[in-house]
Amino acid sequence: MARDEPSAAAVDVADGDSPSSSPTLTRLREALAALSEAFESGDTASSDAAAAAVAEILSPSDADASAALSEQMLREVHAFLSRPSSNQMAIDALSLELPKPVAKLGARMGNCRDIARAIIEFFASNCSPRDMLCILCEALDTPVAFNGSAYLVILLDGLASTLRIGNAIQEMCKTMVNHRKEELCSILGLYALQNIALVSSESKHQNILSTCGSVVLQYSKFLMFCGFTYLGLLTGNDVTSTTTKLSKEEDDNFLDCFSSAMDGASLVVVWTSMHDDMSKYAGAEFESALKEVQDNCIRKWEAINMFRYVLSSVNYSWAIKSHSLDLLLTLVDDKCSEETNDHVDFPYSTQIFATLKAIERVMIAAPDTLMRKKAFSALKRVISAVPSTQRFDILQALIENSMFPSLTAILLDLVKNEVSRESRRADQVNGSDRSQDAGESPPWASQVLELVELILRPPEGGPPCLRDHSEEVLSALNLLRLILIIDSRGSRSAKMLRDEKIRAVYSEWLIPLRLIITGIQSELEKGGGEDENQMLCLLNPVQFVLHRCIELVEEKKMKGL
């Protein structure tokens with residue numbers, strides 16, 4: 001439309017025509033007729049365009065459409081939907097396109113609101129409840145400048161209609177007994193969890209979090225009716241037991257309908273901690289469940305690993321992920337580490353790795369510094385809580401699967417901290433028990449040296465690319481320096497670097513790296529520009545630690561290892 005050309009709706013008002021005879025209304029009738037004809041003839045390509053045309057006509061600017069014309073357009077749509085001859089496929093197509101424009105028009109004055117409610121409720125009652133839940137939640141996530149509150153109310157009424165299905169199943173459960181009642185309650189519980197995940201995935205904007213929380217609360221009430229508990233939701237055990245029961249009687253395709261049930265379980269816990277009404281509804285039961293999890297090491301790890309579903313998904317808002325991290329941090333403490341080390345059988349390594357990778361995603365992608373720091377704190381605490389016998393395995397797996405040099409550097413620094421802690425612990429053991437074999441290399445030594453070699457002598461060959469990987473190279477050198485210092489003290493770990501290994505470290509890791517740094521520095525000094533100076537600043541600490549490592553190796557060689 002040209003800048004000075006009035007819209008069709010504006011012409012309707014300017015010409016003084018009654019809404020029922022306006023060109024806009026004529027276009028709307030024609031578009032609805034074209035939609036019906038497209039489906040009746042099987043022309044699916046045209047049907048999509050026709051449905052989009054209807055939505056476009058119903059989407060005038062706030063200044064263009066009068067309340068009277070808005071009302072008349074909504075009445076026309078409602079009449080079309082209500083005809084006994086209306087094609088169900090045409091109705092389904094409109095349900096995908098119209099909730100947003102209908103709710104916006106409904107937010108106007110007059111009778112618009114009631115007619116818009118009737119249209120949304122018609123869609124909710126006559127189309128797929130699962131699809132409508134997703135469509136309405138997406139519409140809720142759309143910011144509206146004009147009468148935004150009225151817009152939200154209309155859509156929430158539609159969501160209430162989708163909740164009627166859950167209410168109907170609940171009433172059916174009340175009339176059943178024994179096995180059939182248990183099976184239907186299981187289905188209702190999974191249905192509620194799936195919908196909680198859908199609602200949560202659409203709560204991207206801060207201004208509708210409270211609204212979505214109210215919907216989650218209604219679905220949470222179904223869970224409590226079905227026998228789910230906050231303890232079972234925290235640990236995921238209620239979902240596991242429910243799906244196990246149903247899997248014996250239903251095929252896999254049926255259970256695929258509830259693929260986000262674990263997400264939903266974790267989300268119920270998060271919403272309860274962040275939404276006042278949810279917290280009030282849960283009352284003391286939620287706090288009791290949290291305490292029970294905190295006091296039981298096995299359940300605590302089950303709960304920790306449940307957070308991976310929310311943290312690893314791109315479907316949920318940063319606000320939800322931030323509250324997930326808050327809860328995770330309350331569960332992991334020093335006591336957890338002590339208790340875990342008392343359990344020889346620790347079957348959670350695969351799940352812990354997935355949980356840590358999920359936390360890493362937040363560290364990398366979170367939009368603000370505070371949240372990234374919170375994620376890093378969670379990462380450190382969870383790693384520290386892993387049994388010492390498996391901690392280096394977890395760290396090695398994380399480093400080998402890291403795609404970001406800065407993250408690899410952070411993980412290597414955590415390895416360095418673990419080496420320092422294990423060295424102190426070994427010294428304490430040696431001090432109290434002189435019978436310990438002082439020449440025995442610690443079990444983690446070979447893993448740590450493999451990690452250093454992975455960075456300083458990459459598998460693809462040659463020294464590392466310092467322009468892109470200076471951070472991880474510096475961290476690897478700092479780790480190597482610590483190992484060399486521990487070796488020089490003559491403690492229990494004194495034989496981590498034997499003669500053959502020390503020669504390889506010197507000739508294959510350190511000297512080639514020194515040659516590369518010297519060459520790069522010469523090139524950069526010739527340039528003298530800002531970029532060159534910045535790169536020199538990055539290389540300076542690398543060069544300093546590299547020279548110290550070379551000195552330590554040479555001292556070790558002079559002393560005959």
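Tutor: One cut-off to start with: buried means under 20% relative accessible area, exposed means over 50%, and partly exposed is in between. Keep in mind that this is a predicted model. A search of the whole structure turns up 20 salt bridges, so let's pick out a few, going by the definition of a side-chain nitrogen of Lys or Arg within 4 Å of a carboxyl oxygen of Asp or Glu.

Take Glu-292 and Arg-299, whose side chains meet at 2.4 Å, N to O. Arg-299 has 29% relative accessibility, so it counts as partly exposed, and Glu-292 is partly exposed too, at 34%.

Next, Glu-171 and Lys-174 form a salt bridge at 3.2 Å, N to O. Both sit in helix H9 (residues 148-175), 3 residues apart, about one turn of the helix. An α-helix has 3.6 residues a turn, so residues three or four places apart point the same way. Glu-171 is partly exposed at 44%, and Lys-174 is partly exposed at 47%.

Glu-418 counts as buried because its relative accessibility is 5%, and Arg-391 is buried at 3%.

Finally, Glu-453, Arg-457, Lys-501 and Glu-508 are joined in a network of salt bridges.

Key: Residues are numbered from 1 along each chain as its sequence is written. This is a predicted model: local features need pLDDT of at least 70, side-chain atom pairs count only at pLDDT 80 or more; totals for chains, interfaces and linings use all residues. Side-chain values use heavy atoms; hydrogens and water are left out. Helices (H or I, at least four residues) and strands (E, at least two) are DSSP runs, numbered from the N terminus. Buried means under 20% relative accessible area, exposed over 50%, partly exposed in between (1.4 Å probe, protein chains only).
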